[in-house]
Protein chains: 2
Amino acid sequence: MSTPAVGRPQRVDARANRGRILDVAGEVFGKGGESASTEEVARLAGVGIGTVFRHFPTKAALLEAVLAREFDRLREHADALLGAADPGEAFFGLFAHLAARAPAKIAITEALLDAGGDWDGDAARASDRLRQTVGALLRHAQQAGAVRTDVELPEVYALLAGISRAAARAQLDEEAMARLLAVVFDGLAPHRA
Amino acid sequence: MSTPAVGRPQRVDARANRGRILDVAGEVFGKGGESASTEEVARLAGVGIGTVFRHFPTKAALLEAVLAREFDRLREHADALLGAADPGEAFFGLFAHLAARAPAKIAITEALLDAGGDWDGDAARASDRLRQTVGALLRHAQQAGAVRTDVELPEVYALLAGISRAAARAQLDEEAMARLLAVVFDGLAPHRA
């Protein structure tokens, strides 16, 4: 008969497995393409397919957990910038970081929708929290004089979401993406006398 | 027995019907929503559903023709600006026009994909022609000193496509959209000394 002392390592193992499955799934589905599958995730995570399904009963549940985790990580990254010495650098740095992470997020979202999942649950809540932190960073940057004060979060977020998606779809190379960000950053700067 | 002289008005009628069906379908599917249907198009165009299907054997064929026509019209609008006295005004005016027309185009595209159609045919060719004209207007505006010369068409087009789509999805109101365009236009201006 197993005792709690014996049981604990199993729970730790289960938690480690869950984390590893999510990490691998983020990699696999973040790249997109035909070969992305739950089987591939299990293989690369070194677990059986049954273990994957024990943690995530459906592919959609797995993908939503991956997406929620990605949003949580982006939000943690954003949270860490809230106390930055240079709020302008913090805001523009986060903008570039979010744009760079967008292709993976879009690929995972498309896989989620293909798998019959949707956006109502944990992923949507995590996305809302990220948006709030971006709003706080925008206000800080505006107060510091680094971003024009006649813009508000809705259009800034639409700009961020829009260029991220368009850049991913148009498969812009790094240089074109840098030029695109330069246009947006110059446009957001309080450059009018 | 009908003579060519009698036959001609019938062909004219058929052509007029086709044009009216496309106009109405552009309106109906451009608004999107649940009520958009081929039946609704026939009703509002004042023709039988059989007439619609005689011209467009499938819903996808109808929607692709609507989309191709919309792109052709946008390209005609853009072509007319090629000889404008103020190339900067022409370029920025077209950018704003395309962004304003984008929600309808997106709704029609989504209906097309839902109907099992795709983007390989007339609509894609019409879209390519529009892109070429936008490229010519961009070069004119750059030569006139109205747009910074360190941007190229791929990122400008990605910016246009991205903010159009994001603005439609986020349902930005007119004022937020104007602020968004102000950021982009200021960013595209050659404002650095």
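Mentor: Let us begin with a term: two residues are in contact if their C-beta atoms, placed from the backbone, lie within 7 Å. Please keep in mind throughout that this is a predicted model.

Trainee: Which residues does Ala78(A) touch, not counting residues up to four places away in sequence?

Mentor: Ala78(A) is found in helix H4 of chain A, which covers residues 59-80. With residues up to four places away in sequence left out, the partners that Ala78(A) touches are Leu94(A), Leu130(A), Thr133(A), Val134(A) and Leu137(A).

Trainee: Does Ala78(A) count as buried or exposed, and why?

Mentor: A residue is buried if 20 or more other C-beta atoms lie within 10 Å of its own, and exposed if 12 or fewer do. Because Ala78(A) has 23 C-beta neighbours inside 10 Å, Ala78(A) counts as buried.

Trainee: How many residues does each domain of chain A give to the contact between domain 1 and domain 2?

Mentor: The domain assignment of chain A gives domain 1 as residues 1-57 and domain 2 as residues 63-193, and the centres of these two domains, taken over C-alpha atoms, are separated by 29 Å. On the side of domain 1 of chain A that touches domain 2 of chain A, the residues divide by class into five nonpolar, three polar and one charged. The contact takes nine residues from domain 1 of chain A and nine residues from domain 2 of chain A.

Trainee: Which element gives the most to the side of chain A that touches chain B?

Mentor: In the contact between the chains, 24 residues of chain A meet 24 residues of chain B. The side of chain A that touches chain B divides into 15 nonpolar, three polar and six charged residues. Two or more residues come from helix H7 (153-169) and from helix H8 (174-188) of chain A, and the element that gives the most, with 10 residues, is H7(A).

Trainee: What kind of axis relates the two copies?

Mentor: A rotation of 180° with 0.1 Å of shift along its axis superposes chain A on chain B, with an RMSD of 0.0 Å. The two copies are thus related as by a two-fold rotation axis.

Trainee: Which residues have the most contacts inside the largest nonpolar core?

Mentor: Leu159(A) touches Val184(A), and across to the other chain Ile163(B), Ala166(B), Leu180(B) and Val183(B), not counting residues up to four places away in sequence. The largest nonpolar core has 102 residues, and those with the most contacts inside it are Leu159(A), Ile163(A), Leu159(B) and Ile163(B).

Trainee: Which helix of chain A has the lowest mean pLDDT?

Mentor: Chain A averages a pLDDT of 89, and 93% of the residues score at least 70, while the predictor gives the complex an ipTM of 0.81 and a pTM of 0.84. Where pLDDT is low, the predicted coordinates should not be read in detail. Among the elements of chain A, helix H6 (residues 122-143) has the highest mean pLDDT, 95, and the lowest, 80, belongs to helix H1 (residues 4-31).

Note on methods: Residues numbered from 1 in each chain as written. Chains lettered and ligands numbered in written order. Predicted model: local features only at pLDDT ≥ 70, side-chain atom pairs only at ≥ 80, totals over all residues. Helix = DSSP H or I, 4+ residues; strand = E, 2+ residues; numbered from the N terminus. Nonpolar A, V, L, I, M, F, W, Y, C, P; charged D, E, K, R; others polar. Least-squares fit on C-alpha atoms with pLDDT ≥ 70 in both. Core = buried A, V, L, I, M, F, W, Y, C linked by C-beta atoms within 7 Å. Domains from an automatic or database assignment. pLDDT = per-residue confidence, 0-100.
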